[in-house]
Amino acid sequence: MPPVLGSTRRTAREESPPRGGGDRRRRLAVGALGVLVLAWAAVAFLLASADFLARLVGPPQAVGVTAWSPGEYASERLADFLGQIEPRVPPGRVVLFSAPAAAAEEELFLSLWGAYHLPRHRVIRARHPAAGAGEYLVVYDGVPPRPPGEELFRHPVGALYRLPAGAR
Amino acid sequence: MGVASLLLVLALAGLLGAAVLAAADRSSSRSVDPALALVAGLVCLHGLLLLFDLAAVPWRRAPLAAGWVVATGLASWLAWRRRGPGGRSSAATLEGWNRPGPGDAVAAVALVAYAGASWTRLITIPDFVYHWGIKAKRHLLAGGIDYAFLADPLRLTDHPDYPSLVPGLYAAVGVVRGAFHERAALLASVAFFALAVAATRRTVRVARLSPAAAQGTVALVALVLAMFGIGHRMAGAADWPIVAALLVALPGMLAAPGGGAEAGGDGAMRLGFAAALAAGAKIEGV
């Protein structure tokens, strides 16, 4: 096995007569490098922890859906909304997820959050090519001026509609 | 209750892994590395879940408990036959481990910090929501791998081809608890963190580092893992098993030929189970 950095296993070179201060200087340099790397890791860990603590105790930040985590204000609002929708839609139904105020990419990620919180259903974004298969519509962060179907539930962050058969 | 379910699943997996290692070990080793036992157990649990899936046996408490009893009993019996009544027990031992030092204390602080941050769920990787968590929920509801979901023509999931070890583990915890538990699933990452640190401790021993270098290495690995895990929101990530697998494999790679006992088990099995864990977690693990 090749010698490992910092190893105490004696190699042939180490068993040869001492060469004076050269080896000592090399060991000191390797040790100093190790201490520096360890110090960098400690500082990086402390900075990451401080950033996390600021998020934990600070006011809710308005962040895009791609930066959401469970437990955050925005994602918990959505979770609460969808948690109340879940028993109102029969399992296995196709649920369209619409976020009129969001860009197309954001709506995609919001619909993935919708699928996570509605695992008994088939959730796709409203702008999906297969949206015609939708049987229910979840509108998040905004209510359409004209109801697209029968309104089943309304929540401060959105509403649930049953889509008419002709609309599919 | 959710965390207790996770701990129970990990403990049962560790016992199964220790029994399998004892049955299959060709070395003269008299000790089993607990980290390797857990890795082997998680791989065996994955295999058990896949076997149940192929046999259309639902992932429910009773069948899984029966499967665990049969697998662990069979492995223990094979180990007993191989070694005889006076041979090694399949229980993991800690013989020969380094004494705790300041590096271990730093590692413990880093581990606790990461566990606390994971507990808040604020460092959850988005992929947990988009892939691993939703798959675990669907598998749990389906009582097995939900192929209808993975193959849905509406393309409900973007990565149906990813391996199922991680969602399977989350689902197994849910089976024990009776429902999916988000926090318990996220804390599985902490178990892999601990596994990585334990594997590093064994690695520095096999590499015969000086005490200062050994403690520094353990502290360095733990600090970097915690920094990355907290700073880059890695709770619930499927990358943790790959990290743990690499570090668990290292003693086997560093050990001198015939040094299986020093590495804590047969080197080939160590590498094999570590590779299986990595490959089962993510395509990138291959």
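View 1. Arg121(B) is buried, at 16% relative accessibility. Buried means under 20% relative accessible area, exposed over 50%, and partly exposed in between (1.4 Å probe, protein chains only). The model is predicted: local features need pLDDT of at least 70, side-chain atom pairs count only at pLDDT 80 or more, and totals for chains, interfaces and linings use all residues. Residues are numbered from 1 along each chain as its sequence is written, chains are lettered from A and ligands numbered from 1 in the order in which they are written, and side-chain values use heavy atoms, with hydrogens and water left out. Glu182(B) also counts as buried, at 15%. Arg121(B) and Glu182(B) form a salt bridge, with the closest N and O atoms 2.5 Å apart. A salt bridge is a side-chain nitrogen of Lys or Arg within 4 Å of a carboxyl oxygen of Asp or Glu. Arg121(B) sits in the loop between α4 and α5 of chain B, and Glu182(B) in helix α8 of chain B; the two are 61 residues apart. Helices (H or I, at least four residues) and strands (E, at least two) are DSSP runs, numbered from the N terminus.

**View 2. Where chain B meets chain A.** The contact (heavy atoms within 4.5 Å) takes 43 residues from chain A and 41 residues from chain B. About 3,600 Å² is buried between the chains, and carbon and sulfur atoms give 67% of this area. Buried area is the accessible area (1.4 Å probe) that two parts lose on being put together, summed over both. Leu122(B), Tyr130(B) and Leu154(B) supply 20% of the area that chain B buries against chain A, more than any other three residues.

**View 3. Polar links across the interface.** Chain B and chain A share 10 residue pairs in polar contact, both residues at pLDDT 80 or more. A polar contact is a pair of N or O atoms within 3.5 Å; within protein, one must be able to donate a hydrogen and the other to accept it, and residues adjacent in sequence count only if both atoms are side-chain atoms. Three salt bridges cross the interface. In one salt bridge, the side chain of Glu72(A) meets that of Arg233(B) at 3.9 Å, N to O. On the side of chain B that touches chain A, α4 (102–120), α5 (126–142), α8 (182–206) and α9 (211–231) each supply at least two residues. The largest share, 10 residues, comes from α9(B).

**View 4. Two salt bridges within chain A.** The structure holds 15 salt bridges over all chains. Glu135(A) and Arg93(A) form a salt bridge at 3.7 Å, N to O. Glu135(A) lies in the loop between β2 (122–125) and β3 (136–140), and Arg93(A) in the loop between α3 (73–85) and β1 (94–98), so the pair ties together parts 42 residues apart in sequence. Glu135(A) is buried, at 17%, whereas Arg93(A) is partly exposed, at 32%. Glu150(A) and Arg162(A) form a salt bridge at 2.5 Å, N to O. Glu150(A) is in strand β4 (residues 150–155) and Arg162(A) in strand β5 (residues 158–162), 12 residues apart. Glu150(A) is partly exposed, at 45%. Arg162(A) is partly exposed too, at 34%.
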